Amino acid sequence: MWKGRFEEEQSDLLKSYSESISFDWRLYRHDILGSQAYAAALERAGILTAEERGAIVEGLRKIGEEIASGGFPFQIDLEDIHMNIEAELTRRIGRAGAKLHTGRSRNDQVAVDLRLYLRDIIDDLASRAAGMQAALVRLAERHSGAVIPGYTHLQRAQPVLFAHHLLAYVEMLDRDRGRFADARKRMNLLPLGSGAIAGSTIVLDREFLAAELGFDGVTQNSMDAVSDRDFACELLAAIAICGVHLSRLSEDVILWASAEFGFLELSDRHTTGSSLMPQKKNPDIAELTRGKTGRLVGNLVSLLTVLKGLPMTYNRDMQEDKEPVFDSVDTLSAALTIFAEMLDGAQLAESRAREAASDPLLLATDLADYLVRAGMPFREAHEAVGRLVAESARTGVALNALSMERYREVSELFGEDVRETVFDIPKALAARKAPGSPSPENVASRIAFWRQRLG
């Protein structure tokens, strides 16, 4: 690459320390795609003949096939995927291959390769997130009428439909897909043609290149184009947030599958046992996903830390962008896929969940609402019901089993219909009719919405 400037052979330690071919080889398809388009632009600029361009395109195609089949001999001396491909192309077709790098730097070459790669990755992640959404909707449908306790502070709060709880994660994943689409839109500008820092005296038709490679337009500042990794940070942030959502769902699954909750039964195919305790059935998929989320967050912080002190423009530190990106992509891709499969094999223990949700304390807020509808200010109603709850806790008598005399002592607004009006879970859920609330009607409508949207 630079043998004209240097007289001594590179240190073997430097070669080992600076190589990236061990991980950036996975950009090969996008490097070849970018180089084939670049050859066409060089022909339009009069640098290549039609025959030379044809030889380059065909040579790159064959190299791509060899890499895909595992038969390509990568060389650590050539540092990265870009030089491995270019050197082999030149070896095979001669001087035409040596012309390919005219007006191009590895700075703008890697910038376009990474954008091309991440465009495909985003499409794949969005598809897998949709698959995860569909699995949640299927589980919600299988138990569309089941009731569980809803929790705040991990304390029983109010009854909700199990399906409503699951659909909360469908909403989260939809925001994740929106973030993926957002990141894709912003990264879809062509940096190729920016050279190392200041473009080139070989003027290329960058708009033609953008159209050839499916970009929406071209970058407008060559210095920014080669040093920008915002798009990678943005994707890592979207991946980390999606991972956090999966981690929160994992925590619910882990709790629900425990003997103390006993709500969710996971299939044998998606659980593990203990090397010592024969009775164990562990939710390893959920636990591993919860743990791997730390890596997703760490990869984002890692890249931001690399970039935060860099002067303009390209610096070799930026080689450290790829491993965090590749690791996050692989980790989230696997998590979305296996989690969806696990959910398809899961079943809710409806009777156990119904028993837990039958605690009359879960309808204490509904009892306060009863007083509000009778004309009492909410804060007064909250205090009145709080006194009844305290007596229930002190005496061990269920909230709905306290005498009418006691209810009347607290407030004369309580009528004889209070028990059947308030302490009926189907009625309580049906009354929650506001958009976004967990009434059976709302939940059924939302399930139908997601089924249609997800296909």
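Two strands are taken to pair if DSSP finds at least two bridges between them, and helices (H or I, at least four residues) and strands (E, at least two) are DSSP runs, numbered from the N terminus. In this structure, strand β1 (residues 147-152) and strand β2 (residues 155-161) run antiparallel and are joined by six bridges. This is a predicted model, in which local features need pLDDT of at least 70 and side-chain atom pairs count only at pLDDT 80 or more, while totals for chains, interfaces and linings use all residues. Residues are numbered from 1 along each chain as its sequence is written, and side-chain values use heavy atoms, with hydrogens and water left out.

**Hairpin**
- β1 and β2 form a hairpin with two residues between them, and H153 in the turn has a positive phi of about 55 degrees.
- P149 has P159 in β2 as its bridge partner.

**Salt bridges**
- The structure holds 39 salt bridges, each being a side-chain nitrogen of Lys or Arg within 4 Å of a carboxyl oxygen of Asp or Glu.
- R156 forms a salt bridge with D359, with the closest N and O atoms 3.9 Å apart; this pair links distant parts of the chain, since R156 is in strand β2 and D359 in the loop between α14 (350-357) and α15, 203 residues apart.
- R156 counts as partly exposed at 44% relative accessibility, and D359 is partly exposed at 23%, where buried means under 20% relative accessible area, exposed over 50% and partly exposed in between (1.4 Å probe, protein chains only).
- The side chains of R106 and E79 meet in a salt bridge (2.9 Å, N to O), which joins helix α7 (residues 106-142) to the loop between α4 and α5.
- E79 counts as buried because its relative accessibility is 4%.

**Aromatic rings**
- A search of the whole structure finds eight aromatic pairs, a pair being rings of Phe, Tyr and Trp (its six-membered ring) with centres within 6.5 Å, called stacked if the planes are under 30 degrees apart, edge-to-face if over 60 and tilted for the rest.
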